Amino acid sequence: MATEIHANGSATSSDWQDRYYHVDQILDRPGPRTDPSFLAGDEVKDFLRNKCKILVIGAGGLGCEILANLALTGFKDIHLIDMDTIDISNLNRQFLFRPADVGKPKAIVAAEYVMKRVPGVKVTPYYGKIQDKGDDYYLQFNLVICGLDSVEARRWINATLVNLVDPENPESLKPLIDGGTEGFKGQARVILPTVSSCYECSLDMLNKPTTFPICTIANTPRLPEHCIEWASVLEWPRVRGDEKLDTDDPEHIGWLYSIAVARAKEFKIEGVTWSLTQGVVKNVIPAIASTNAIIAASCCNEAFKIATSSAAYLNNYFMLIGTEGVYSYTFEHEKRDHCPVCGGEALEMSISREWSVEQLIELLTEKQNIQIKKPSLATPEKPIYFQQPPQLEEATRPNLEKKVSGTFVVTASSLPFSLSLIITYM
């Protein structure tokens with residue numbers, strides 16, 4: 001039965017009776033762990049339900065859980081970004097989608113489903129990349145929640161929100177809540193850009209991606225993964241030239257799969273499948289629905305605490321390990337002085353005097369606390385080696401053989417920040 005409209009925004013004509021009964025137990029009175037700035041009553045309920053604007057990035061396994069939780073908690077102005085379409089393999093855990101939705105944009109379908117099931121909630125979808133949006137778009141939100149499966153996308157939004165902060169405008173600081181899962185493991189964290197440790201500060205905590213030696217891939221493959229890597233790393237550029245591999249394009253995955261199958265047959269290797277091909281080229285880790293649910297709940301709990309000041313929010317890292325039993329741990333991850341996003345200090349790197357520019361670039365791609373896939377180098381005076389555009393790459397290619405010395409600025413087209421690098425010798 002619908003309730004009356006209240007001027008304070010605690011309910012609307014689309015709310016059902018006692019919809020907020022349990023939430024209001026928290027918002028109607030202060031408690032022993034309440035933040036000092038908390039003002040119980042109508043004002044905080046009005047902000048949560050009528051004024052707070054929240055952005056969710058990602059509508060996959062984690063994003064579906066986050067959207068449902070936010071809508072049922074009382075957030076009514078939700079924006080959603082996702083660049084993917086629905087695949088049949090998503091249906092076992094991404095519960096906002098149905099078989100008839102396969103091939104449709106996740107953001108649009110998820111938004112429509114939530115608005116249909118939770119009256120009064122407005123979900124504004126955007127089917128595209130987070131990089132499509134400018135600063136003004138991100139400045140409109142009170143907070144941002146990430147449910148992404150991409151390290152690069154996380155690094156981009158993290159750097160963007162740090163760059164938005166204006167010390168003279170407190171409203172420019174947008175809290176970032178980041179959730180991530182990997183099988184039975186997961187984490188949730190609260191990032192206050194420029195104030196607390198940012199995502200870039202914790203790169204060295206990530207599991208190092210599995211890589212295979214080129215010589216093994218090219219000459220002596222033993223595993224189905226070797227055949228898939230051969231197809232993507234060696235055959236794709238040889239056959240398809242400068243065409244960029246899109247790991248979300250079924251035609252591209254199909255091409256790699258057929259090439260890998262032929263390679264596996266030649267070396268009598270079994271086990272190359274479509275799903276394995278997709279997993280290897282996208283570095284996909286199996287998703288567990290229960291892990292998604294726990295991490296999404298943690299993220300939304302933090303969003304509620306930040307939006308209402310009803311309790312102290314996480315400071316600043318929560319880990320879940322469910323591989324052997326259920327274990328969780330919280331700790332404060334500290335800022336890194338040499339973080340290229342929030343630290344401000346140049347990074348010193350000690351190398352041999354005999355090292356070439358090419359060797360330095362290889363080290364930058366492998367180093368756990370940097371992880372730049374295609375770094376470009378320049379000194380304050382001139383470019384040393386640029387990966388893009390092709391004309392500049394060709395012009396600076398001879399510098400790859402030269403010795404390294406001095407101070408460099410490291411950039412990458414996929415990341416909106418630069419790293420200052422001071423070279424010292426062992």
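Start by selecting residues 176-182 and 185-191: these are strands β5 and β6, which run antiparallel and are joined by seven bridges. Strands here are DSSP E runs of at least two residues, helices are H or I runs of at least four, and both are numbered from the N terminus. Two strands count as paired if DSSP finds at least two bridges between them. Click on G179 and look across to β6, where A188 stands opposite.

Before going further, keep in mind that this is a predicted model: local features need pLDDT of at least 70, side-chain atom pairs count only at pLDDT 80 or more, and totals for chains, interfaces and linings use all residues. Residues are numbered from 1 along each chain as its sequence is written, and side-chain values use heavy atoms, leaving out hydrogens and water.

Now widen the selection to the whole sheet. It is open, with eight strands in the order β3-β2-β1-β4-β5-β6-β7-β8 and mixed pairing. Which strands stand at the edges? They are β3 (122-127) and β8 (327-331); each has a single partner strand, so one side of each is left without a neighbour in the sheet. From one strand to the next, the twist averages 15°.

The largest nonpolar core has 48 residues, and Y138, M349, L360, L377 and L421 have the most contacts inside it. Helix α6 (residues 151-164) supplies the largest share of this core, seven residues. Such a core is a set of buried Ala, Val, Leu, Ile, Met, Phe, Trp, Tyr and Cys residues joined through side-chain atoms within 4.5 Å. Buried means under 20% relative accessible area, exposed over 50%, and partly exposed in between, with a 1.4 Å probe and protein chains only. Zoom in on Y138: leaving aside neighbours within four places in sequence, its contacts include L55, I81, W156, I157 and K174 (contact means heavy atoms within 4.5 Å).

There is a second sheet to select. Strand β10 (residues 376-378) pairs with β11 in the antiparallel sense over two bridges, and A378 has P383 in β11 as its bridge partner.

Finish with the charged side chains. How many salt bridges are there? The count comes to 13, a salt bridge being a side-chain nitrogen of Lys or Arg within 4 Å of a carboxyl oxygen of Asp or Glu. Show D24, D28, D42, K45 and R49, which are linked in a network of salt bridges. Within it, K45 and D42 meet at 3.9 Å, N to O; both lie in helix α2 (residues 42-51), three residues apart, about one turn of the helix. K45 is buried at 6% relative accessible area, whereas D42 is partly exposed at 41%.

For a last stop, go to helix α11 (residues 289-308), where E302 and K305 sit three residues apart. Their closest N and O atoms are 3.0 Å apart. E302 is buried at 5%, and K305 also counts as buried, at 13%.

Key
Axes are lines fitted to C-alpha atoms, for helices over the stretch in contact, and angles run from 0 to 180 degrees between N-to-C directions.
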